[in-house]
Amino acid sequence: MNMIFLGPPGAGKGTMAQLLMVDEKIPQISTGDMLRQAMKAGTEMGLSAKRYIEAGELVPDEVVIGIVKDRLQADDCKNGYILDGFPRTVPQAEALGQFAKIDVALNIDLADEVIIKRLSGRRVCLKCGATYHTSTLNGSETCAACGEPLVQRKDDAPETVKNRLAVYAAQTAPLIAYYEKKGVLKTVKCEPHATVQENYAQVRKVLELA
Ligand code: AMP
């Protein structure tokens with residue numbers, strides 16, 4: 001199944017996609033992760049993406065479209081994939097439609113106030129990519145998986161989060177209607193107090209996976 005995960009930043013797209021990737025044995029393709037890796041590696045693309053990412057703005061369409069087009073050629077995409085964070089604009093969705101057939105666009109819905117709380121407490125391990133929330137870290141500042149120090153993503157700072165939500169509303173939310181019109185939209189409402197596993201069970205149910 002070729003899937004897109006839609007939804008505001010912090011809705012849990014990455015967490016849900018990682019769980020599904022393991023259970024369904026299909027890759028999670030996160031443009032945000034790929035851009036951050038390029039930034040870390042100091043490639044030309046990474047350096048040009050940096051200022052957009054750190055301001056909470058979108059990287060230009062042609063850059064991300066190129067990355068995704070290349071990535072979908074890889075062998076591991078043959079049996080399906082989860083696009084996490086792409087497309088984020090209508091032109092990206094139109095370009096994607098030229099080189100991929102999307103079976104499901106899953107809209108992961110969560111209230112804005114929960115998102116702001118989630119993102120401001122999010123901590124990430126720059127080495128292995130694991131994510132945590134301060135509320136469950138019990139004061140620990142290192143990654144439980146690899147022992148590296150945890151950091152706050154620059155774009156998780158409160159002012160930048162506000163901008164990311166505004167960018168989402170203006171440029172990405174129209175994709176909900178776009179995919180609804182195409183007849184492939186499914187929506188899952190994540191409850192603020194539900195556990196990751198409870199939300200994941202909902203995601204599987206909506207996707208009609210046993
Ligand atoms: P994410 O990890 O998905 O929240 O993405 C982090 C940042 O990477 C976003 O705020 C954008 O600056 C950039 N980015 C990721 N995916 C895209 C995309 N599809 N189009 C444009 N910018 C993107």
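1. A quick definition before anything else: a nonpolar core here is a set of buried Ala, Val, Leu, Ile, Met, Phe, Trp, Tyr and Cys residues joined through side-chain atoms within 4.5 Å. Buried means under 20% relative accessible area (1.4 Å probe, protein chains only).

2. On provenance: this is a predicted model, where local features need pLDDT of at least 70, side-chain atom pairs count only at pLDDT 80 or more, and totals for chains, interfaces and linings use all residues. Residues are numbered from 1 along each chain as its sequence is written, and side-chain values use heavy atoms, with hydrogens and water left out.

3. Now the largest nonpolar core. It has 27 residues, and those touching the most other members are I4, L72, Y81, L83, L96 and Y179. At least two residues each come from β1 (2-6), α2 (31-41), α3 (44-55), α4 (61-71), β3 (81-84), α5 (90-99) and α9 (174-181). Helix α4 gives the largest share, four residues. (Helices, H or I of at least four residues, and strands, E of at least two, are DSSP runs numbered from the N terminus.)

4. L72 deserves a click. Its contacts (heavy atoms within 4.5 Å), neighbours within four places in sequence aside, are I29, C77, Y81, L83, L96, F99 and A100. There is also a second, separate core of 24 residues, with M16, A17, I26 and C190 among them.

5. Next, L35, which sits in helix α2. Is L35 buried or exposed? L35 is buried, at a relative accessible area of 5%. Beyond its neighbours within four places in sequence, L35 contacts M45, A49, I53, V59, V64 and I67. As a general point, nonpolar side chains tend to be buried together in soluble globular proteins.

6. Over to the ligand. It is surrounded by 16 residues, the closest being T31, R36, E57, G85 and Q92; a residue counts if one of its heavy atoms lies within 4 Å. Helix α2 supplies the largest share of this shell, four residues. By class, the shell has six nonpolar, four polar and six charged residues, with Pro counted as nonpolar, Asp, Glu, Lys and Arg as charged, and Gly among the polar ones.

7. Some distances to check by eye. A backbone N or O atom of E57 is 2.6 Å from a ligand oxygen atom. For G85, a backbone N or O atom lies 2.9 Å from a ligand nitrogen atom, while Q92 places a polar side-chain atom 2.9 Å from a nitrogen atom of the ligand. The protein covers 96% of the 480 Å² of accessible area that the ligand has on its own (Shrake-Rupley method, 1.4 Å probe).

Note on methods:
Buried means under 20% relative accessible area, exposed over 50%, partly exposed in between (1.4 Å probe, protein chains only). A polar contact is a pair of N or O atoms within 3.5 Å; within protein, one must be able to donate a hydrogen and the other to accept it, and residues adjacent in sequence count only if both atoms are side-chain atoms.
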